[in-house]
Amino acid sequence: MTVIGSILHGAYGDLYEQAICLKHYTSLHPEVELKLFAATQTRLESFRALDLSFASVFDLWTEIEKHDDIDSFYQFQVDDGELNRDVLSKLPKGILAKFDRMNSNLPWIYLRENSLIPTPSCFQVTLSDSGLRRLATIANDNGILPDLRCKPTICFLWRYRRSGGAISSFGQRSRERAVRSYSALFRRIIAEFNCHILVCGMKIVTNDSNREVTDNKYPSFGLDLPLERATYLKGLSWPIELEIASRATVC
């Protein structure tokens, strides 16, 4: 048995893609025991809501030194600046030597090359037992039913690039224009199809208690929609709210 380590890092979506790739990787290599680590405590706590049983370990990166049986690391985005600054630079040289710095595995390329888009059900990363138990609670805290299929529901993800961020905001229309445009669109859809709008990534007041969980990304404003026809997810749990969003009629 070969023991392979990997560190899940980056934005929530990055971790999710990496996890899908690693689940597929372990299925191709039954002789491998995978040990997973999270780059931050917030990501660790959040992703414990997912079924990561394809790995024998899921712990914080600070525990890596305790696992001296790791032969090598199969690492995604090993050149990422945040990963190097916050994690790799703090590991002993002996452990760093187990990372392949010549080949930067990229999850989106792995997904494409292995025909994992769309992801077959056997490789999807679903909720763990504890995540399923929390689903009803998180749904209730968001003011919605866990099963949205009882009525037409459209899930909308607000995504707006901040000027000067890691990804260029060039060509992006103003926030005010985007809000007006989406609001007009959804008002028309509500009138025509008598549906409910589930909004992710908006109308959240960021404070010290949720700053890390929400990555300090969500704006406090929302869309101009009838209150009874719109629900804003609160960013309480990325994996569980992803599950809720996937149950909408349309995402």
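Which residue forms a salt bridge with D69? In this predicted model, the partner is K35, and the closest N and O atoms of the two residues are 3.0 Å apart. D69 sits in the loop between β3 (57-60) and β4 (72-73), while K35 belongs to strand β2 (residues 32-38), so the pair links distant parts of the chain, 34 residues apart. D69 is partly exposed, with a relative accessible area of 34%. K35 counts as buried because its relative accessibility is 7%, and buried means under 20%.

The structure holds eight salt bridges. The table lists three of them, including the pair just described.

| Salt bridge | N to O distance |
|---|---|
| D69 and K35 | 3.0 Å |
| D215 and R43 | 2.8 Å |
| E63 and K66 | 2.6 Å |

D215 is partly exposed, at 22% relative accessible area, whereas R43 is buried, at 8%. In the bridge of E63 and K66, K66 is exposed, with a relative accessible area of 63%.

E241 is buried yet has no salt bridge, and the nearest side chain of opposite charge, K234, is 8.5 Å away. A polar atom of the E241 side chain lies 2.9 Å from the backbone nitrogen of L236. Leaving aside residues up to four places away in sequence, E241 touches I138, N142, L233, K234, G235 and L236.

How values were computed. Residues numbered from 1 in each chain as written. Predicted model: local features only at pLDDT ≥ 70, side-chain atom pairs only at ≥ 80, totals over all residues. Heavy atoms only, no water. Buried < 20%, exposed > 50% of the residue type's maximum accessible area, 1.4 Å probe, protein only. Lys, Arg positive; Asp, Glu negative; His and termini not counted. Salt bridge = Lys/Arg side-chain N within 4 Å of Asp/Glu carboxyl O. Polar contact = N/O pair within 3.5 Å; in protein donor to acceptor, adjacent residues only side chain to side chain. Contact = heavy atoms within 4.5 Å. Helix = DSSP H or I, 4+ residues; strand = E, 2+ residues; numbered from the N terminus.
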